[in-house]
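Hi everyone, thanks for coming. Let me put it on the screen.

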Amino acid sequence: MKLWVYVVRRLILLIPTLIGLTFLVFALEHAGGTSLFLAAYIDPHLTGTARQQLVDELTTKFHLNDPVYVQYLYWLAAILQGDWGTSTTIRQPVATGFLWFMPNTIMLTAIASLLTWVISVPIGVYSAARRDSILDQGVRVATFTLYSMPIFLIGFALFFTLGTAWGVLPAQFNIDLILLPTIPSAWFDHTNSVSYPTHILALDAFLHGDWAIAWNAFLHVILPAVSLALALLAGIIRILRASMLEVLEQDYVRLARAKGVPERVVQNFHAKKNALLPTVTSYGYLVSGLFGGAVVIEDIFTFKGIGWWTTRAFLTDDVGVVMGSTLVFGLILVTTTLLLDLLYAFLDPRIRYE
Amino acid sequence: MMATVTETKARYDELKLSARVFLANKTAVAGLVIFLIFVGDALIVQIAPGILGVQYPNDVIPPQITQTNPECTGMPPEPPSIAHPFGTIQYGLSGIGCLDLLQLVMKAIRIDLAISFFIVLVGAAAGTLLGVVSGYFGKWLDEVVMRVTDVFFSVPFIILALAVGYVIGRTLFNMALALIIIWWPLYARYGRSLTLTTKEATFIESARAAGSGRLKIMFRHILPNVMPPVLVQISLDVGTVLLIFSTLAFIGFLPSGALVPELGVIANIGLDFAQFGYWWTVIVPGGIITLFALAVNLMGDGLRDVIDPRRRS
Amino acid sequence: MSDALAIRDVHVQFHTRRGVYKALNGVNLRLRRGEVLGIAGESGCGKTTMGLAVMSLLPRNASIPRGQVIFDNKDLVNLPREYSERVGDRFNPKENERILRRVGKAMTRIRGQRISMVFQEPMTSLNPVLPVGFQVAETIYVHNPALLARRVLARSKATPSLMQDLLRLLDQTHGDEAAVTEFAADHGLPGIEEQALFVWRREDVHVSRKEKAIRSLSGQSMNPLERNIIVAVVKAGSIPPQFARVPILSRVVRRVLVKEGYRKALELLTSLGIHHAERVVKMYPHELSGGMRQRVVIAIALANNPEIVIMDEPTSAVDVTVQAQILDLVKRIRTSVSASFIVISHDLAVLAEVSDRIAIMYAGRIVEVSSVDEILHHPLHPYTQMLISAIPTLEAKPVEGIKGEVPDMRDPPGGCAFHPRCPFAFEKCLSIVPIDFRQGTDQLVACWLYEGK
């Protein structure tokens, strides 16, 4: 069996999960009653006859008097067409909001993941190779402690120490507020605080040659990304270390040594390659926590991604966004898990040949 | 079936060995000690709060404080000192101050522990049972359960908790409920995989051959094999669950008026001040949470030593 | 010294939570050049430990309180032994690990090149995420990159007409290795001979295809960078440090040489009886059968023409038919290869097939060493006698087991370790360890029964 067959099979397995996800969101939206459902589509300031008219229109549109499965189909149709309701916090369609804020969150989690892997792999491998040494013990204590900390504590600790108290790095927003008015309107929408075309301020500024803005915006990414990375790497290092220790006991590692392969190569090539496999699998489970953590970190640092937006919406009764978040985060997580599975299949030849 | 004398003795010996293995792991014992301190605090606050000097165990702000201490209104948080080992916090800007953080923490531990255990025990019980049934009977039931758990796994915990909480209402009990809803799929999957491995074991075949009914097999043979790892998982999850729901409380799950002594809520209250230099208002509750999770994780390590036959020797 | 390897009074102990296991208690053994020495014994008697001790592949909780392993006039275990002697009871695995790391560094020149080992389980001996061809190629790349470079260089320098001449030479001399080697040297193509001979000796290919294959050994193309690298490696006899350090260059070096390693691996695997080696070389271990995996592991062991090959239970993990194939293979190998072999097995029948001499091991000591015939027909040691009579044969005879169990090596019996199970044991056996007594022309037995005979 080839790799592409595995890919196709995996994609097909995706479909029931996606459908199930839509069921879940639909159920949530309707569990709170019709008024909760409609709240996403109705401007709260609207009253009286105008409101009643809108309610009637929506009732017809979503077939709210028909059986549940009919309602589901019309709801799904609306979702697929991009009509997710209107957000009260940004006063724009919900879908648009997601488009605006998602790139920031993706960037944040991607950078955090990159940082995590770059740091974790050497440390995990070395810690296992020099088992019970001072470094290893230090690593174990540090990761154990980080692993036991709530994400908000890690975020807050960095926020307070490096950000507010010592002022080493900026700790709020995506850019220094002072610089905000100086951003050219050619590519920045000042009313909604959105940059174009990628909606990532640092990147857009870079693309438009505005180095000062780009640099400043980039600085604002560091603390949130590092916080997330710290939370994530505790888990990764623990798993990598454990699987390295197991791998180093294996016969094939002993054979590599018996072949006369230098110890450094045995560890960094033969052992590491195998130890990374369960680590990638575990990372798949940790990614859910990564996105959840992003929500908290964005909240603490007021970093404008979908996590921040979701908490805002939750606190201000912006229903459409809360429900939409479930769907969006679900889609992101499912996609990420799929990509990770494919990566694993690529790395482990045994999987493809089943 | 009556247990014979030798069987009881054998079980007692096993327990003694388990205890010895656990106690050999010094960090696990340290974790157990810390855990017991937490539990002790919770029990004392529940039964006789006066011993610790705690009044009004369910309130963040004691009812008469504004009347008895008018100067506390508008009093900013104070750093840790002899009088207030953890410092004080203030609720709401230019709101009520002088709230001793140590007392709040002692109250909060009771509530946090209760919630954690509630969530994990209910979620584990429901989930494991469903998982075992699903794994044992297989076929379409199993497929359905797998797909449903897949869907629950596809949304990050915190987001799902927010959505569910929004729908069913933002109260403390509902927060626990939302977490139970999120937690059971984990145990369903776990119980299912353990059941599948146990099902393959040959002693099940011999039980079937001997004519035991299916339900009987499930309860008499499968559950006892599934329980030990699940119990270890439960003991670990008590810490993880606390991490999650305190984080939920921190970002504001409970409406701003709901002043329950809960570590995440306290941190949330403290956050308003924290950026102005009053760091202990967030670090202390966060630290207490960390301490508990640390203790639980260390204990879990020790328990794994007991359960896993390889590490036992 | 005509001995390939000398193991003198080696003691090995494993320090575990449950106690100290005395695995080897004074092993004395001499491996003669060119012989196949079988080591027999029940599981747990220390045979594998002995093999690992020679290779310095013991785990960190193993101490070597006494003994020497002499290879090429050097003691391979002197560092761990000195550490053991120094600390005595305060043996610390963590400290030992540091010593072992130093030993490991020194042993990289010996392992896989001068002494190699084939492990017990072919299933798990191969790295599951690397193609088998790579795993063979790697061992050549690590120890003998110049060989690989020479082969590539030879092919690039060879011309079709030269190859035609070589073909004629092969025909005339019927594949005489010396002649071909001389031809290669004379025409400045060192490295072409083994490639040509490999093709020539194949039995599964038609003559016309062989001719075509040999002719196509010419005209290997290389880009200038590759050519420079290859030439430098050939000149230096190894990979020059400046190539090894520079990241991009080292990658190219590796790529080119490993690719050539695959070609050589193909040759090795074919000579060990693997069909369609071109395909096998790219496969992963889990795609191969047990017998094929075993051949791969053997190929790895033989790749650099070592002086000593240690085979630990080569037939135990495979079924009977494959067992026969492997034994045939071992017999074939020893005629074509000049190495000395140590074959470890619990199965005397297997050892009888391939060994010249057999050593019987019990509770961490060698109790008898003799030629195969003597062991089978005139076993001297009571334990050996029982082992022989326990072998099921085709004749109808009662199969006798051996009474008793293998002793707990945390507290082995005093004196002769076999005395609790020995029907002939007397007073001396209980307290004094037997020394070796010479019997006949070439037999050694460690038993007080033979004192003064």
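Let's start in chain C, where eight strands make up an open sheet with mixed pairing, in the order S6-S7-S8-S3-S9-S10-S12-S11. At the edges of this sheet are strand S6 (115-118) and strand S11 (437-439) of chain C, and each has a single partner strand, so one side of each is left without a neighbour in the sheet. From one strand to the next, the twist averages 20 degrees. Before I go on, please keep in mind that this is a predicted model.

Now look at strand S3 of chain C, residues 36-40. Is this strand mostly covered or mostly open? Mostly covered: five of its five residues are buried. As a reminder, in a regular strand the side chains alternate between the two faces of the sheet. Here, Val36(C), Gly38(C) and Ala40(C) point one way from S3(C), while Leu37(C) and Ile39(C) point the other way, and all are buried.

Which strands does S3(C) pair with? One of them is strand S8 of chain C, residues 340-345: the two run parallel and are joined by five bridges. If you want a residue pair to find on the screen, take Gly38(C), whose bridge partner in S8(C) is Val343(C). S3(C) also pairs with S9(C), again in the parallel sense, over four bridges. There, Ile39(C) has Ala359(C) of S9(C) as its bridge partner.

Strand S9 (residues 357-362) and strand S10 (residues 365-371) of chain C run antiparallel, with six bridges joining them. And whichever sense they take, strands of a sheet pair through backbone hydrogen bonds.

Let's turn to helices, and to chain B. Two packed helices are described by the angle between their axes and the distance between the axes. For helix H10 (residues 263-274) and helix H11 (residues 280-307) of chain B, the angle is about 155 degrees and the axes are 7 Å apart. Angles over 145 degrees count as roughly antiparallel, which makes H10(B) roughly antiparallel to H11(B). The crossing of H10(B) past H11(B) is left-handed.

What sits in that contact? On the H10(B) side there are residues including Leu263(B), Ile266(B), Gly270(B) and Phe273(B), and they meet a set in H11(B) that includes Val282(B), Pro285(B), Gly286(B) and Ile289(B). By class, the contact of H10(B) with H11(B) has 10 nonpolar, three polar and no charged residues.

On to chain A, which has 14 helices and two strands. Along the principal axes, its C-alpha atoms fill a box of roughly 85 × 55 × 40 Å. Of the 354 residues in chain A, 44% are buried.

With chain B, the contact takes 40 residues from chain A and 35 residues from chain B. Which helix of chain A gives the most to that side? H13(A) does, with eight residues. The side of chain A that touches chain B divides into 26 nonpolar, 13 polar and one charged.

With chain C, 21 residues of chain A are in contact with 27 residues of chain C. On the chain C side, helix H3 (93-107), S6, helix H4 (122-125) and helix H5 (132-143) each supply at least two residues. The largest share of that side, four residues, comes from H5(C). By class, the side of chain C that touches chain A has 10 nonpolar, 11 polar and six charged residues.

Finally, some backbone geometry. Most residues other than glycine have a negative phi, and most peptide bonds are trans. In chain A, a cis peptide bond joins Tyr196(A) and Pro197(A), with omega about 0 degrees. Pro197(A) lies in the loop between strand S2 (194-195) and helix H8 (201-207) of chain A.

As for positive phi, Thr302(A) has a value near 50 degrees. Thr302(A) is in the loop between helix H11 (263-301) and helix H12 (306-315) of chain A. Over in chain C, the phi of Asp72(C) is positive too, near 55 degrees. Asp72(C) is found in the loop between strand S4 (62-71) and strand S5 (74-75) of chain C.

Are these two buried or exposed? Thr302(A) is partly exposed, with 15 other C-beta atoms within 10 Å, whereas Asp72(C) counts as exposed, with 12 C-beta neighbours inside 10 Å.

That's my tour, and I'm happy to take questions.

Terms used:
Residues numbered from 1 in each chain as written. Chains lettered and ligands numbered in written order. Predicted model: local features only at pLDDT ≥ 70, side-chain atom pairs only at ≥ 80, totals over all residues. Pairing = 2+ DSSP bridges. Axes fitted to C-alpha atoms, helices over the stretch in contact; angles between N-to-C directions. Contact = placed C-beta atoms within 7 Å. Nonpolar A, V, L, I, M, F, W, Y, C, P; charged D, E, K, R; others polar. Buried ≥ 20, exposed ≤ 12 C-beta atoms within 10 Å, placed from the backbone. Parallel < 35°, antiparallel > 145°, perpendicular 65-115°, else oblique. Left-handed = near helix turned anticlockwise from the far one by under 90°.
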